[in-house]
Amino acid sequence: MLSPEFFFNLLLEKGTGFFTGVPDSSLKHLCSVITAYVTEDNHFICANEGSAVGMAAGHYLTSGCIPVVYMQNSGIGNAINPLLSIMDQDVFSIPVLLVIGWRGEPGKKDEPQHKKQGKVLLGMLESMEIPFEIIDGSEENVKHSVNTAYEYMEKENSPFALVVKKGSFESYKMNGTPATSYDLVREDAVKLVIDSLGPDDIVVSTTGMASREVFEYREALGHGHEKDFLIVGGMGHTSQVALGIALNKPGRKVFCLDGDGSVIMHMGSMAINGMSGSENFFHIVLNNGAHDSVGGQPTVGHGIDFIQIAEACRYRSVSRKEEKYEIRAYLKKIKAIPGPHFLEIRVNKGNREGLGRPTTSPLDNKKAFMRFLQEK
Ligand SMILES: Cc1ncc(C[n+]2csc(CCOP(=O)(O)OP(=O)(O)O)c2C)c(N)n1
């Protein structure tokens, strides 16, 4: 296995001093090393991977030094536009080193949402004409790959990708972000929301552990899963899927369980939600100030004011809660009045040890959910 510090030092030796990206579980030890060694003004966790490419471009324009953008391969989708229409040799010709965590590598066991992304990753890079090297656990190989990458970027002034196989990095322990002292963790809030639902109400839940917690709680209650649409991939798009359902099914109350990282990733959706006028739409953000599902790296979620943003986006009701009893009472209250509703629930980061994953496939989930929606 590769020491993330060894890899990081190779990048420093090449003159890179600026790091940005969106975290990924397979790169979490590298992210920890970057966080530990790089000053705050030279390391930014961005809203999404495309924004990170943008920030990297700005850094290069002012420093002439090659920046690093790290991401999970699912983030390539967000990054394609700035890579091809800003960084590409046919446009501004700006070098950037992409460090991409390879989920869903063919032949390796992974979650369904990673399967297609993992299969097409190398082909996507090829068709974008971004050369790449594959990184595994070997120090010799990584040295060679980093040399190849920087030689290319310096000569061609354009992006290069290092595709990192899952499990390549050794672990690196660092002190986490300071603990918060809210009443609840995300899973408690998930349970409160599910407990508040009526028989026809539905849930659309976000990427990562929130959806796993919804699934497990339904199992524990002996419920079916037909009322929940668990968006295991497509980070940042949960509220738009939920809104699409709410608009077409005005007789159903639609509870969107979102994450702060997810909302921030495509925050423009809040404006569309608020302005939609959808009376049956409940946007609930479980704000733990972190990308908890991939290692707990900080978001700006506890630093910004979601309430003011939601108000300005014209949600009809807007509130922030953190205590169990007030959340319960508030959910009861807003269910009786027209939305769109926005509720931020402040929670501590953290998850239960041994949290399972949905045992039904996304396809089964879709079929059961559509059947349930047809009933009314
Ligand atoms: C486009 C994209 N980038 C990155 C990821 C990796 N990823 C999965 S879950 C997650 C964190 C989500 O954070 P948040 O929405 O705050 O929810 P939390 O995990 O804290 O509950 C990330 C970064 C992804 N799935 N898709």
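In the predicted model described here, α8 (209-221), α10 (260-265) and β11 (290-291) each contribute at least two residues to the shell around the ligand, where helices (H or I, at least four residues) and strands (E, at least two) are DSSP runs numbered from the N terminus. The greatest contribution to this shell is made by α10, with three residues. Of the 25 residues around the ligand, those that come nearest are Gly208, Gly259, Gly261, Asp292 and Ser293, a residue being counted as near a molecule or strand if its C-beta atom, placed from the backbone, lies within 6 Å of it. By residue class, the shell divides into seven nonpolar, 14 polar and four charged residues; in this division Ala, Val, Leu, Ile, Met, Phe, Trp, Tyr, Cys and Pro count as nonpolar, Asp, Glu, Lys and Arg as charged, and the others, Gly among them, as polar.

Residues are numbered from 1 along each chain as its sequence is written. Because the model is predicted, local features need pLDDT of at least 70 and side-chain atom pairs count only at pLDDT 80 or more, whereas totals for chains, interfaces and linings use all residues.

The chain is divided into domain 1 (4-165) and domain 2 (186-374), with bounds that come from an automatic or database domain assignment. Both domains give residues to the shell around the ligand, so the ligand lies between them. The C-alpha centres of domain 1 and domain 2 are 31 Å apart. Across the boundary, 12 residues of domain 1 are in contact with 17 residues of domain 2, two residues being in contact if their C-beta atoms, placed from the backbone, lie within 7 Å. On the side of domain 1 that touches domain 2, α2 (28-37) and α5 (112-127) each supply at least two residues, and the residues of this side comprise five nonpolar, four polar and three charged.

Several local backbone features were also found. Most residues other than glycine have a negative phi, and most peptide bonds are trans. The peptide bond from Gly339 to Pro340, however, is cis, with omega near 5°, and Pro340 lies in the loop between α13 (324-335) and β14 (341-346). Ser93, in the loop between α4 (76-87) and β4 (97-102), has a positive phi of about 55° although it is not a glycine. Asn157, in the loop between α6 (139-156) and β6 (160-165), likewise has a positive phi, near 50°.
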